[in-house]
Amino acid sequence: METIKLKINGFEVEAYDKQPLIEVAEKLGIRIPTLCHNPIIEPYGVCRVCTVEVRHGRRVRMVTACNYPVSNGIEVFTDSERVIRNRKMIIEWLLGRCGNVPVLNKLAEEYGIAEPRFGRGTDNCILCGLCVRVCQDIVGANVLGFFDRGPNRYVSTSYDETSDLCITCGACASVCPTGCITIEGLQEGIYKEMPMGPITPIHIDFMQAVPKKAVIDHDSCINFKTGGCKVCVDVCEAEAIDHSMQETEKEVDVGTILLSTGFKLQDGRELKEYGYGKYPNILTSLDFEVLNNANGPTGGKIVTQDGKIPKAIGIIHCVGSRDKKYHEYCSRVCCMYALKFAHLIKEKIHDCEVYNFYIDMRCFGKGYEEFYNRLLREGVNFVRGKVAEISDATLDKSEEGKLILRAEDTMVGTVRRIPVDMVVLCLAVEAQEDAKSTARLFGCAVGKDYFVNEKHPKLAPVSTPSDGVFIAGMVQGPKDIPDTVAQAGAASSAILSLIQQKEVETEVVTAVIEESMCSGCHICVDLCPYNAITFYQDRKKSEINEALCKGCGTCVAACPAGAAQQRNFKDVQIYAEIRGLLAI
Amino acid sequence: MSKSEFEPRIVALLCNWCTYTGADLAGTARMKYPPNVRTLRVMCSGRVDPAFVIFALQNGADGVMIGGCHIGDCHYAKGNYSSRRRAVILKDTLESLGIDPRRFRLEWISASEGDKFAEVIKKFTKELKELGPNPLNKGAQDA
Amino acid sequence: MLNKIRDYCRDLLESKKVEGILAVYTENGNYFPYFFTKKEELNNLCIDKKYLLLNSVKPLRENLVFLLQSKMPGKRIGILARGCDERALFELSKRGQVNLDNIETIGYSCNEEQAKICTCPTPYPTVNLKFGEKVEGVSEHKRWKEFSQLDIEGKRKFWEKEFSKCIKCFGCRNACPICFCKECLMEDRKFVKGGELPVEIPSFHFVQRYHHAAQCISCGECEIACPMDIPLRLISFVLLNRVKKLYDYTPGMNPKQECPIYTIKEERNEEALDELL
Amino acid sequence: MSYYNVLTVCPYCGSGCTFYLQVLQGEIIGILPNKNHEISQGNLCIKGWFANEFVTHKDRLKKPLIKKDGNFVEASWDEALQLVAKKLKVYKPEEVGTLSSAKVSNEENYLMQKFTRTVLKTNNVDHCARLCHASTVVGLGKSFGSGAMTNSIPEMENTKCMFVIGSNTTEQHPMVAKFMMKAKEKGAKLILADPRKVVWSKFADIHLQQRPGTDVALLNGMMNVILEEGLEDKKFIEERTEDFESLKEVVKKYNPEYVEKITGIDKQLIVEAARMYAKSEASAIFYSMGITQHTTGVDNVVSCANLAMLTGNVGKVGTGVNALRGQVNVQGACDCGALPNVFSGYQVVTDEANRKKFEQAWHVDSLPDKVGLTVTELIGEAAKGNIKALYIMGENPMVSDPDLKHVKEGLSNLEFLVVQDIFLTETAQLADVVLPAASFAEKDGTYTTTDRRVQLARKAVDPPGEAKADWEIISELAKRMGSNEFNYSSPSDIMDEISRYTPIYGGISYERLKEKGLHWPCHSKDHPGTPILHKEKFSRGKGKFWAIEFKEPAELPDSEYPFILTTGRVIFHYHTGTMTRKVEILNSEVPTGFVEINPKDAKKMALFDNSTVVVSTRRGSIQIPVKITERVKEGVAFIPFHFAECAANELTNPVLDPVAKIPEFKVCACKIERAS
């Protein structure tokens with residue numbers, strides 16, 4: 001692109017030929033006021049506030065900076081007297097239409113307009129058309145348009161009716177310079193869906209995401225609704241965004257697989273007595289993590305939904321775990337993170353009362369017990385007993401807006417009733433919903449809690465019955481981070497040692513067909529789940545591919561002639577075993 | 001031998017991946033079940049030739065149990081399907097041969113169901129005690 | 001019917017459509033299976049006497065048709081088949097023991113009396129019926145009434161007595177067209193003791209019955225071959241009925257239909273199975 | 001392409017089953033039972049089902065063998081026959097002998113005796129009937145006048161009471177047992193007298209488990225009961241028999257108490273058995289080796305005949321004294337004169353007229369008039385050096401005869417031994433010349449079953465190698481030795497000659513046998529055969545009662561040899577195992593011999609199943625695995641005699657019945673020790 005030279009307010013600058021003037025000025029740090037200019041939308045020059053003076057040789061012109069393409073040798077003045085005079089006039093005209101718009105008032109103040117000459121209009125819309133154009137050109141929803149003409153011109157939807165084309169993307173509202181467009185009930189709706197506040201379609205999935213990369217949320221991204229927008233594409237300097245990418249299935253040939261599909265938290269709604277989802281300010285442990293995170297919606301401030309600092313917080317342990325109604329197992333991680341929460345709360349809100357409701361404290365790790373002792377010193381309340389119920393049944397005015405916890409304190413032997421501002425539920429960790437089918441896919445079995453079974457609980461804790469498939473983390477069962485890391489390390493080293501070997505030991509218990517005994521009935525062929533048996537019509541014999549055979553022995557049991565035999569599980573051996581079993 | 005003294009002998013042919021591990025679990029978890037069962041490991045319940053069952057019954061067992069993974073959970077995908085198909089026919093064969101089909105069981109017990117294993121053995125032992133000694137096994141009666 | 005069949009066979013031989021025809025030959029009041037290759041011999045062809053033409057040839061344990069086929073590969077063989085012959089052919093072809101492509105099956109039906117003698121439920125070829133009418137078969141074993149009224153203990157005693165008669169001639173196996181295993185479990189010394197009478201009850205007889213649960217073609221040869229009149233087919237009837245109910249499968253009816261016991265492909269009725277356990 | 005079936009006769013026991021040999025392209029591929037046969041009815045026993053296997057066995061003899069410097073060398077027929085002819089000519093008639101065979105056809109037996117009598121000019125011809133049913137031939141001959149099974153097998157389906165004594169029918173004659181089982185199913189009673197608990201005992205209404213060798217006492221005891229209770233058939237005794245009084249006299253003292261003492265059977269059982277037998281409409285006695293193979297063999301047989309006559313159970317359907325003969329043609333071999341004392345059809349050699357008849361028939365000047373030596377005597381004489389040459393056809397005395405050490409001594413002492421067989425048997429190994437013979441599948445011929453049914457067996461395939469049918473070999477040899485009387489073109493010619501000179505075979509010809517067998521006596525071309533003997537009158541006129549006293553077996557257990565040893569067969573093997581041990585399945589069923597002993601005895605000696613023991617008698621000892629079973633009583637041991645490596649006949653007592661010359665296989669004293 002050709003480079004040209006121009007002067008702005010006496011400074012000589014280089015710019016691309018035909019570059020919009022406003023951009024060049026911005027680069028220089030020269031602010032040109034504008035209302036209708038938005039970088040994502042083609043400049044349109046409708047508000048005229050950006051009017052500047054351009055001299056080219058002897059020719060002097062007043063132009064709108066937003067859409068004026070620079071050319072070689074021009075000289076620009078952004079705040080010459082003539083410019084100021086013109087701009088003042090323009091602002092006054094605008095005020096004449098929209099006298100109560102804060103942006104305009106601020107400009108007027110800036111330019112010393114005390115009382116506009118043409119009075120103050122009552123409209124809010126300056127008819128800049130940004131909303132219409134963003135809806136048309138960017139979003140592509142074509143909901144908004146100009147109607148009527150002359151002084152009666154206004155922005156609306158067709159026939160002024162609620163349009164089903166509108167995708168509630170909020171683009172119009174966000175570009176509107178005057179705040180004329182708003183979305184009603186926006187806040188409530190969002191918080192209902194997302195207690196932690198809204199997220200943009202493009203976001204980092206969660207704070208500790210690895211790799212920490214932005215993702216586009218299919219459901220809220222405009223492009224996936226209308227095909228328009230793609231603003232992000234223009235904005236992204238790395239050119240990393242590609243909306244056309246499709247979810248594809250990729251086949252990768254691998255020798256080993258590490259199953260580490262993690263866990264999910266139990267749905268708090270299952271426990272009706274705790275009113276999760278019914279009352280505000282009841283958070284799951286993960287919700288609290290988000291809330292408490294410095295990158296979180298509140299910037300790490302612990303506040304209730306209405307923005308108040310809580311005075312008392314209850315943390316309930318063993319919600320859904322160690323509970324015959326839900327999960328009998330212990331989720332293993334709750335005790336420690338609950339202590340951590342209590343500690344963090346105390347750190348951030350010194351005078352906040354923290355109540356830990358527990359069954360047993362299981363602080364089994366290195367330094368864990370010490371941490372617990374420390375918390376005791378920090379003044380965290382520990383109540384041994386399970387919370388029976390959370391309600392909003394307040395007794396008096398002072399309790400209004402509080403959550404009432406009722407629990408038996410088994411240490412004291414009384415039923416306690418504790419009003420708090422916020423409750424954190426330490427919900428059980430559960431296997432992923434599709435754990436069973438995933439496990440089946442990899443030839444592993446799941447236990448009754450749907451955690452994948454290891455090959456041997458003590459001797460092969462990271463292996464699975466399927467060779468080359470390993471497990472690490474919560475997929476195998478609840479465990480904390482050190483354990484997970486240890487297991488992952490063990491699994492990876494097992495994998496690496498397999499990869500290092502470059503060859504695999506096949507199953508030792510494979511089946512073989514004794515050819516001389518095979519009568520060629522091919523009963524075995526249909527029974528093999530691994531298609532390891534081939535029938536040779538010409539020889540009238542079946543043969544087993546031992547590399548494919550996994551040694552289930554189904555063919556062996558079905559072979560009427562006893563030609564198929566399983567190594568180490570030969571008929572002879574089993575008969576002898578049975579005889580041995582029954583010998584005494 | 002009176003019925004109350006009779007201690008049945010059960011041969012349990014257990015699948016390596018589920019029931020055998022389940023039985024193991026029952027052991028490590030110190031679950032109580034009658035000592036009448038004698039277990040035999042096979043790789044899959046599909047490996048169990050009905051001949052083993054009849055062989056065991058003929059050679060002194062009062063009951064035979066095949067233990068396998070739950071349907072769909074087979075380590076070998078389909079082994080327990082064929083095991084089940086065989087077992088149905090086997091039951092009929094036993095019955096028409098005059099062997100009480102209750103002496104033969106096919107049970108799905110997963111690796112984590114140690115309690116179920118113990119439960120099944122308890123039930124089976126009780127049932128066999130009611131059935132009395134296996135008439136095929138003449139030697140055992142005077143032994 | 002006999003003359004029509006002879007004519008038909010003569011045409012087949014004359015036109016060289018087949019290399020020869022496997023049928024029953026009669027002479028001096030004796031009769032036996034024979035491979036007719038000359039049309040003059042057809043005068044000795046008879047249809048009222050039964051020998052299962054596919055009878056497994058012992059000790060090679062290969063059936064006659066397979067041997068014929070392997071001796072003259074690619075050549076077409078005619079088989080004068082009763083219902084049981086055809087069923088045997090189908091079952092054997094499923095098990096890779098004969099090649100149906102090179103077989104010209106000339107089916108003819110049996111009459112009611114013959115069906116009664118054999119206790120044959122389908123006394124006609126289901127697919128290749130060329131001569132005769134389909135007549136109603138007999139689907140109840142002659143000792144079924146007596147047997148079905150027995151309780152478990154009664155059944156055991158029944159078999160105890162019947163199997164005690166067994167002289168271990170292996171006739172039931174040898175005469176069975178579906179028995180073709182090179183090594184037979186009935187001879188497996190690890191499974192059943194050898195060299196003693198009476199045989200081990202019931203394992204010895206169990207083997208064949210169980211193996212043929214979904215393959216028995218109800219030809220009745222095992223009972224004919226049994227010198228001691230052991231009603232072996234009583235068990236087969238029970239098992240065949242079960243297979244029929246569960247899978248709607250009768251062996252030997254359709255050469256394309258796979259035996260449901262020896263496949264894991266089709267999973268119809270799987271839940272019903274659990275109830276039976 | 002050819003596939004056909006050849007109808008032939010099963011080469012094993014005397015039941016006379018027929019089956020088809022399936023022949024594909026000139027190769028036997030299998031056996032098909034005959035559905036159109038009175039006895040077979042589409043059934044066979046395990047031996048029959050696999051009878052084709054030894055025919056095609058690789059060990060078949062294919063060329064004549066001549067022993068040179070202790071080793072066999074293959075030779076041409078010419079050379080071998082020339083040598084045999086030359087050698088046999090050297091000896092005097094009384095120095096040579098022949099053993100014919102119960103496994104070859106009637107024609108060949110006939111030729112053998114003709115050869116012996118015309119060419120070798122001696123009556124020293126015998127065969128193994130001597131070892132099984134010689135006592136029957138003599139005993140029934142004495143009582144009834146004909147030494148054969150009195151009734152036919154199929155009719156047994158309709159008998160009302162079966163008295164089985166000394167016959168393990170289910171194992172030895174499965175197809176006879178079939179008919180008996182049918183009778184049992186129809187409600188017939190079964191009385192079993194057997195020292196062992198055999199299959200029958202499960203079905204028997206009464207099982208008399210007597211001490212081996214006490215059959216006479218038992219039978220006398222039963223007769224005593226019958227007479228005491230007046231159950232005898234007085235009319236029958238009156239009209240058809242003689243010498244009743246003498247019997248009555250002897251039987252008197254055999255009251256049940258006395259018999260219980262001898263036999264060890266509960267007296268009540270004896271009474272019940274006697275009543276059961278006497279009271280039924282039709283009672284048949286079945287016996288076999290358990291009766292005959294004793295020093296009192298003839299006595300036993302005669303006692304059976306006495307019992308049958310006493311109750312009138314002779315000459316009617318489903319009755320009789322039924323001697324079950326163990327080999328395919330043991331009846332025929334006897335019928336055709338392969339015995340030292342008779343020509344074919346039991347025409348005694350000492351009779352001048354008979355000799356004349358055969359001299360004319362065979363165009364010879366004179367036939368020897370002295371009764372020849374029996375099998376057992378031949379061997380004994382050989383040991384003494386009086387017999388110098390022996391021509392053995394299809395027999396294996398080295399396993400089958402008692403006291404094998406002695407047999408070996410005898411055979412080794414011979415100057416010249418010719419053995420004609422299908423395999424190189426234990427006997428053939430001792431021979432100077434071995435001639436390869438054709439098996440049953442490779443020649444035509446007729447065989448006579450135990451119930452006197454003459455049946456035709458047909459040639460299915462050619463013999464292997466240069467092997468020849470026995471009749472061809474004998475004819476050839478006779479010609480080489482200068483006889484012109486052996487010009488036969490086929491076995492059919494021989495049968496014609498037999499029927500010409502043998503009245504009981506008078507009406508038998510190949511043409512008539514084509515369709516089905518005929519029971520002799522069949523005197524003329526239009527005679528329908530005689531399934532039941534002694535119908536109107538006994539062959540000898542009146543049935544004769546013989547008063548028999550009980551005699552103990554020759555050798556009884558004592559402190560040194562405390563066990564009674566008894567021998568027998570198993571269903572899976574046949575005789576000396578020459579044929580059956582070549583069959584895979586039979587070998588896998590019973591791979592080797594065993595001694596059965598009672599668990600109580602085993603406990604005393606601390607023996608386990610299959611542990612090896614040494615069984616010894618005064619004659620020898622063998623090492624043999626033990627089988628612990630309830631089948632035998634305490635103090636009794638049973639060994640099957642099929643197995644050369646642990647041959648029961650190393651142990652057996654060669655003491656003979658004085659008349660029938662049958663050895664006492666069934667009883668001798670032995671001791672059992674653990675093998676070191």
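A salt bridge, for this tour, is a side-chain nitrogen of Lys or Arg within 4 Å of a carboxyl oxygen of Asp or Glu. What you are looking at is a predicted model, and a search of the whole structure turns up 88 salt bridges over all chains. We'll stop at a few of them, then visit an interface and a helix.

Stop 1: Select C:Arg76 and C:Glu104. They form a salt bridge, and 3.3 Å separates the closest N and O atoms. The two ends come from distant parts of the chain, 28 residues apart: C:Arg76 sits in the loop between helix 2 (64-71) and strand 6 (77-81) of chain C, while C:Glu104 belongs to strand 7 (residues 103-108) of chain C. C:Arg76 is partly exposed, at 29% relative accessible area, whereas C:Glu104 has 16% relative accessibility and counts as buried.

**Stop 2: chain C, a pair within a helix.** Now pick C:Glu160 and C:Arg156. Here is another salt bridge, with the closest N and O atoms 3.4 Å apart. How far apart are C:Glu160 and C:Arg156 in helix 6 (residues 152-164) of chain C? They are four residues apart, so about one helical turn separates them. The general rule is that an α-helix has 3.6 residues a turn, so residues three or four places apart point the same way. Both C:Glu160 and C:Arg156 are buried.

**Stop 3: a network.** Select C:Arg143, C:Glu146, C:Lys161, C:Glu162, C:Lys165 and D:Glu185 together. These residues are linked in a network of salt bridges.

**Stop 4: chain D.** Go to D:Glu95 and D:Lys92, whose side chains meet in a salt bridge at 3.9 Å, N to O. Buried or exposed, what is D:Glu95? Its relative accessible area is 13%, so D:Glu95 is buried. D:Lys92, by contrast, is partly exposed at 48%.

**Stop 5: where chain B touches chain C.** Colour these two chains separately and show the contact residues: 30 from chain B and 36 from chain C. About 3200 Å² is buried between chain B and chain C, and carbon and sulfur atoms give 65% of that. On the chain B side, highlight B:Arg85, B:Ile89 and B:Leu97, which lose the most area to chain C and together make up 24% of what that side buries.

Next, show the elements of chain B: helix 2 (50-58), helix 3 (79-96) and strand 4 (104-108) each supply at least two residues of the side that touches chain C. Helix 3 of chain B gives the largest share, 14 residues. Colour that side of chain B by class and you get 16 nonpolar, five polar and nine charged residues.

**Last stop: helix 2 of chain A.** Select residues 81-97 of chain A. At 1.5 Å a residue, these 17 residues should span 24 Å, and the end C-alpha atoms are 25 Å apart, which agrees. Then show the buried residues of this helix: A:Val83, A:Arg87, A:Ile90, A:Ile91, A:Glu92, A:Leu94 and A:Leu95.

Definitions and conventions:
Residues are numbered from 1 along each chain as its sequence is written. Chains are lettered from A and ligands numbered from 1 in the order in which they are written. This is a predicted model: local features need pLDDT of at least 70, side-chain atom pairs count only at pLDDT 80 or more; totals for chains, interfaces and linings use all residues. Side-chain values use heavy atoms; hydrogens and water are left out. Buried means under 20% relative accessible area, exposed over 50%, partly exposed in between (1.4 Å probe, protein chains only). Contact means heavy atoms within 4.5 Å. Buried area is the accessible area (1.4 Å probe) that two parts lose on being put together, summed over both. Ala, Val, Leu, Ile, Met, Phe, Trp, Tyr, Cys and Pro count as nonpolar, Asp, Glu, Lys and Arg as charged, and the others, Gly among them, as polar. The expected span of a helix is 1.5 Å times one less than its number of residues.
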